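Hello,

Here is the structure we talked about, with the sequence alongside. My notes on what was found in it follow below.

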Amino acid sequence: MVRGEINFALNLSYGDAIFLQDSAGNNTALQNAFYMQYVVNGIILPILSVFGVFGNILTMVVLWRREMHSTTILFLRALVLTDTGIIVVVALTVTPFTLSFFHPGLWYFKDVIYPNVFTPVTYIVMVIQQCNVWITVSVSVERYISICHPFKAAKICTKRRTWIILFAICGISIIYNIPRIFANRSKSPCSPTDDRECYMLVDTTFGKTTFYTKVYMVWMYAALIYIIPLTLLAVLNCLIIMELMRMRARRIGTNIQDDNEANLSLILVLIVIVFICCQTPGLFSQFDFLFDPIVFIQWIAFGNTLFVTNSSVNFLIYTAVGRRFRKVLLKMFKKIFGQSVFSRSRNSGSSSDHELLETLRSTVHYRDSEVTQVNDIHKLEKIRLTS
């Protein structure tokens with residue numbers, strides 16, 4: 001059975017069958033598809049993951065500062081946590097698994113570790129992904145209320161409600177994905193002729209049912225993770241963008257509070273645009289009958305890259321657009337490196353600054369002396385006239 005969920009499964013074969021990668025044989029087109037998968041998942045993905053984790057750590061440090069305390073920030077904190085979780089889990093599983101088909105020394109990971117961790121790790125990454133998607137939707141709703149209905153925002157968008165929403169999203173995601181735990185299991189040995197330790201993934205009786213393979217894993221997954229969220233995000237962000245344009249036309253938002261709200265909304269709009277662009281390919285991959293098998297393998301590699309990219313680039317958006325984020329980040333860097341980097345830069349120009357200051361002082365003193373002389377002359381003239 002070919003797995004359709006691209007965000008983790010890499011299009012493998014399960015159920016008493018070998019991996020597709022092992023069956024490429026002399027099929028040049030299939031080999032080229034797996035070489036593309038090797039380049040994307042084995043080289044590009046790790047680099048992207050390192051960058052993403054580093055950026056997300058900096059984002060966490062800034063968002064957990066005392067200055068950042070709004071309800072939107074609470075959502076963004078949860079979002080960066082799920083983003084980091086996705087990057088770490090995918091990088092630690094997909095990358096070594098892909099490399100194992102081209103580097104025989106990694107056979108133990110492919111034949112022993114991966115089959116045994118696939119079920120729990122798939123459950124974890126699907127829970128994190130569902131949380132990530134619906135946190136993005138929730139923060140978009142919060143921004144829509146704050147921008148389009150500002151007088152109601154204070155009553156509706158409270159920290160208490162924000163925490164309730166976050167816990168509800170996590171709880172529902174944990175419960176909803178439980179069926180995945182019972183869908184497949186590892187089996188050993190892979191075949192009666194194997195002379196080394198080897199496991200293979202097989203579908204359980206529940207994992208072979210039409211409900212799980214068609215309804216739950218394809219249609220419900222596509223609706224819950226892609227169709228409904230992407231539709232809501234597209235509508236909400238169109239409304240937010242139109243309201244921001246009206247605010248700009250009316251020249252509203254000149255005070256600090258309104259300006260900060262508009263800037264925060266612009267950040268979210270860009271995050272959602274990236275989210276929609278990166279998640280949309282995953283929607284099409286749920287329907288593998290739309291693709292030629294070789295094209296589908298390439299599409300999976302492309303989708304996995306976008307999946308991790310979506311969780312890695314928000315730091316760039318915060319830094320490029322978020323004025324408050326930049327201010328807090330620079331303040332943090334100045335506090336950390338101020339005694340060394342910033343002081344050296346100041347000291348390097350201290351001598352020239354001192355010379356300039358002395359020149360100014362001498363000039364001022366000279367001009368003061370001139371003024372004093374002029375005043376003395378005026379006084380002498382007045383005495384001469386009165387006498």
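**Helix α2 and its partner**

Helices α2 and α9 run roughly parallel to each other, because the angle between them falls under 35 degrees. Please keep in mind that this is a predicted model. The angle between α2 (residues 28-63) and α9 (residues 293-312) is about 5 degrees, and their axes lie 9 Å apart. Sorted by class, the residues in this contact are 15 nonpolar and 11 polar, with no charged residues.

Helix α2 itself has 36 residues. From first C-alpha to last it reaches 49 Å, close to the 52 Å expected at 1.5 Å a residue. Where does α2 bend? The bend, of about 35 degrees, is at leucine 45, and proline 46 follows within four residues.

**Serine 138**

Serine 138 is found in helix α4, which covers residues 107-148. Is serine 138 buried or exposed? Its relative accessibility is 15%, so serine 138 counts as buried, the cut-off being under 20%. Leaving aside residues up to four places away in sequence, serine 138 touches Phe75, Ile165 and Ile169.

**The chain as a whole**

The protein chain comes to 12 helices and 2 strands. Along the sequence the pattern reads α-α-α-α-α-α-β-β-α-α-α-α-α-α. Of the 387 residues in the chain, 46% are buried. Among contacts between residues at least 6 apart in sequence, 77% join residues at least 24 apart.

Regards

Notes:
Residues numbered from 1 in each chain as written. Predicted model: local features only at pLDDT ≥ 70, side-chain atom pairs only at ≥ 80, totals over all residues. Heavy atoms only, no water. Axes fitted to C-alpha atoms, helices over the stretch in contact; angles between N-to-C directions. Parallel < 35°, antiparallel > 145°, perpendicular 65-115°, else oblique. Nonpolar A, V, L, I, M, F, W, Y, C, P; charged D, E, K, R; others polar. Buried < 20%, exposed > 50% of the residue type's maximum accessible area, 1.4 Å probe, protein only. Contact = heavy atoms within 4.5 Å. Expected span 1.5 Å × (residues − 1). Bend = angle between axes of the 7 residues up to and from the residue.
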